[in-house]
Amino acid sequence: LLQLNIRHKIVLVTGAGGSIGSELCRQILALQPRILLLFDQSEHSLYAIHDELADAARDNSIELIPLIGSVLDEARIDKILQIWSPDTIFHAAAYKHVPLVEQNLLEGLKTNILGTDALVRTSIKNKTKSLVLVSTDKAVRPTNVMGASKRVAEMLLQAYSDKSHGCVLTMVRFGNVLGSSGSVIPKFKRQIESGGPVTLTHRQITRYFMTTSEASQ
């Protein structure tokens, strides 16, 4: 199942330099794509993941292409899809830190909703076979703007899925990923190291965690 849309295929990962995106890239590379396209708006993050994977890609004759850009730049995405014609897209580019999105509402909504919309429309236009949205458990009955924005992104995919075209649109939700940029763990760790107290969002809360590797699989 993991190999189905990856082995000997052209694969694009948006947000490739992020915590989830970079782990996705590591695991995709191990499944032997023909070409792996790394797309990110952060020059530093993109350089880091490209540099990390370059030797393994070369050893396995996999073409590794770093691409700078924003999912909000529809013309840029369209040009990339025209040139490379990816078979599969993993859409991990998003703002997912709850307090930061609360403080930067429009940027969070633009990237998470309009960016997803632009990517889906250009994917359908360029006959991409498969697109996977990396969503969040916070999209379930959202209580914050980040969760609500990701729920709208999911609804966009559901709406486009009702139309007649050749692109298979799917999504996956997970949350509390250890080591991810949106994780609460670093905060807990700092609080414990300094002798406490540890922040509880609710007295009756139960938190479940998974590793980045588990989440990506």
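**Figure 1. Packing of helices α5 and α6.** In this predicted model, α5 and α6 pack at an angle of about 15°, their axes lying 9 Å apart. Axes are lines fitted to C-alpha atoms, for helices over the stretch in contact, and angles between N-to-C directions run from 0 to 180 degrees. Helices (H or I, at least four residues) and strands (E, at least two) are DSSP runs numbered from the N terminus. The two helices α5 and α6 are therefore roughly parallel to each other; angles under 35 degrees count as roughly parallel, over 145 as roughly antiparallel, 65 to 115 as roughly perpendicular and the rest as oblique. Their crossing is right-handed, a crossing being right-handed if the near helix is turned clockwise from the far one by less than a right angle, and left-handed if anticlockwise. On the α5 side the contact includes Leu105, Leu109, Ile113 and Val120, and on the α6 side Val145, Val152, Leu156 and Tyr160 are among the residues met; contact means heavy atoms within 4.5 Å. The residues of this contact divide into 12 nonpolar, four polar and three charged. Here Ala, Val, Leu, Ile, Met, Phe, Trp, Tyr, Cys and Pro count as nonpolar, Asp, Glu, Lys and Arg as charged, and the others, Gly among them, as polar.

Residues are numbered from 1 along each chain as its sequence is written. Local features of the predicted model need pLDDT of at least 70, side-chain atom pairs count only at pLDDT 80 or more, totals for chains, interfaces and linings use all residues, and side-chain values use heavy atoms, with hydrogens and water left out.

Figure 2. Six strands, in the order β3-β2-β1-β4-β5-β6, form an open sheet with parallel pairing; two strands pair if DSSP finds at least two bridges between them. The edge strands, β3 (63–68) and β6 (168–174), each pair on one side only. From one strand to the next, the twist averages 15°. Helix α3 (residues 74–84) packs on this sheet and touches β1 (10–14), β2 (35–40), β3 and β4 (88–91), its direction making about 165° with that of β3.

**Figure 3. Strand pair β5 and β6.** Strand β5 (residues 130–136) pairs with β6 in the parallel sense over seven bridges. Leu133 stands opposite Met171 in β6, and Leu131 stands opposite Leu169 in β6. From β5 the chain crosses through helix α6 (residues 145–161) to β6 in a right-handed β-α-β crossover. A crossover is right-handed if, with the strands pointing away from the viewer, the path from the first strand over the helix to the second runs clockwise.

**Figure 4. Strand pair β2 and β3.** Six bridges join β2 and β3 in the parallel sense. Leu36 stands opposite Leu64 in β3. The chain passes from β2 through α2 to β3, and this β-α-β crossover is right-handed.

**Figure 5. Packing of helices α1 and α2.** Helix α1 (residues 19–30) and helix α2 (residues 43–59) pack at an angle of about 5°, with axes 11 Å apart. That makes α1 roughly parallel to α2. In the contact, Ser22, Cys25, Arg26 and Leu29 of α1 meet Ile49, Glu52, Leu53, Ala56 and Ala57 of α2. By class, these residues are six nonpolar, one polar and two charged.

**Figure 6. Packing of helices α3 and α5.** The angle between α3 and helix α5 (residues 105–125) is about 30°, and their axes are 10 Å apart. The crossing of α3 past α5 is right-handed. Glu74, Ile77, Asp78 and Leu81 in α3 meet residues of α5 including Ala118, Leu119, Arg121 and Lys125. The contact has four nonpolar, two polar and four charged residues.

**Figure 7. Backbone details in two loops.** Most residues other than glycine have a negative phi, and most peptide bonds are trans. Ser85, in the loop between α3 and β4, has a positive phi near 45°. The peptide bond from Gly196 to Pro197 is cis, with omega near 0°; Pro197 is placed in the loop between α7 (185–193) and β8 (210–211).
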